Amino acid sequence: MSFSEKLQNSWRQFDSLLMVGLDPDPARIPMDLATSHDGLLEFCCRIIEATAPYSCGFKPQIAYFSSIAAEPVLEKVCAFIRDQYPDHVLVLDSKRGDIGSTAEQYAAEAFDRYVADAVTINPYMGLDSAQPYLDRTDKGVIVLCRTSNPGGSDLQALDVGGKPLYLHVAEMIANRWNQSGQCGLVVGATFPDELAKVRQVVGNMPLLVPGIGAQGGDIAATCKAGCDSAGYGMMINSSRAILYAGKDEHWAQASAMAASQTRDSINQYRPAS
Ligand SMILES: O=C(O)c1cc(=O)[nH]c(=O)n1[C@@H]1O[C@H](COP(=O)(O)O)[C@@H](O)[C@H]1O
């Protein structure tokens, strides 16, 4: 099954556009789990178990693992998701971008080592730098377009021939890179006006939308701007607001509650399907 088919199914099966971001910061996870790789694995697996009923997928951020030489833990986390929650989409967030020969290694990292359904990439180096990912036509390739951070405007909002650069990126991906229907775009929930403009340009292409929760993006505005014509169309990511919702030993239940409330809030505002 292709990434886009799996995503369409997961939205409907779990009635959820929520993607749970796995950004396990040793300074913020429960102290008894923070000091070992086994503890890190337990934290991630318990979060996955707690939030799976309310989410369409998971997005591990590679830096939280590689910075502490915990790539083997990330391998196990990905295997746990695939084995226990095979209908949830697994997006590896690594935002890679490099010349083709190196990109081949990054594509192998995402799709062979971690066996992710999709990966985030940076479009700055152009089509040949994306080709090794695009060649894996059953996999999703999710391209940075209008990022959620304030500094994203430095380049992405530049006027290029009367149009902001991020809209050129959206058009280029929709019209030239998406030959196999496998592409998605990253657009921040912190910029709902831009999200609406991207949606207009790309039709029903899936969007990965981080920025609700800890970054303060508005769920109602996000749903109004970003849903596709069927009332789906987005993987709305929340990481810290869900991972660190609890302050005591009931942290997993607190994360489940946060995920459930976020899912419900999204469903309240998205157009009925
Ligand atoms: O590609 C991403 O996932 C991403 C793109 C972007 O524009 N902004 C953004 O915050 N992200 C990621 O989404 C997650 C957001 O985390 P929270 O702010 O804690 O919900 C982090 O893993 C970021 O690396």
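1. Helices here are DSSP runs of H or I with at least four residues, strands are E runs of at least two, and both are numbered from the N terminus. Please keep in mind that this is a predicted model, in which local features need pLDDT of at least 70, side-chain atom pairs count only at pLDDT 80 or more, and totals for chains, interfaces and linings use all residues. Residues are numbered from 1 along each chain as its sequence is written.

2. Now to H9 itself (residues 192-202), whose buried residues are Pro192, Glu194, Leu195, Val198, Arg199 and Val202. Down the axis of H9, these buried residues fall within an arc of 150 degrees, so they line one face of the helix; the arc is that of the directions from the helix axis to the C-beta atoms. Asp193 and Gln200 are exposed, on the face turned away from the buried side. (Buried means 20 or more other C-beta atoms within 10 Å of the residue's own, exposed 12 or fewer, partly exposed in between, with C-beta atoms placed from the backbone.)

3. What do the buried residues of H9 pack against? Their partners are strands S5 (140-146), S8 (183-187) and S9 (207-210), together with helices H8 (165-177) and H10 (219-226).

4. Strand S1 (residues 18-22) has 5 of its 5 residues buried, so it is largely enclosed by the rest of the structure. In a regular strand, side chains alternate between the two faces of the sheet. Here Leu18, Val20 and Leu22 point one way from S1, while Met19 and Gly21 point the other way.

5. S1 runs parallel to S10 (residues 234-238), with 3 bridges joining them, and parallel to S2 (residues 57-60), with 4 bridges. Strands pair if DSSP finds at least two bridges between them. Met19 stands opposite Asn237 in S10 and opposite Gly57 in S2.

6. Leaving aside neighbours within four places in sequence, Ile236 is in contact (C-beta atoms, placed from the backbone, within 7 Å) with residues including Leu17, Leu18, Met19, Val209 and Ile266.

7. Lys95 lies in strand S3 (residues 89-96). Is Lys95 buried, exposed or partly exposed? With 17 C-beta neighbours inside 10 Å, Lys95 counts as partly exposed. Beyond four places in sequence, Lys95 is in contact with Thr120, Ile121, Asn122 and Leu144.

Terms used. Contact = placed C-beta atoms within 7 Å.
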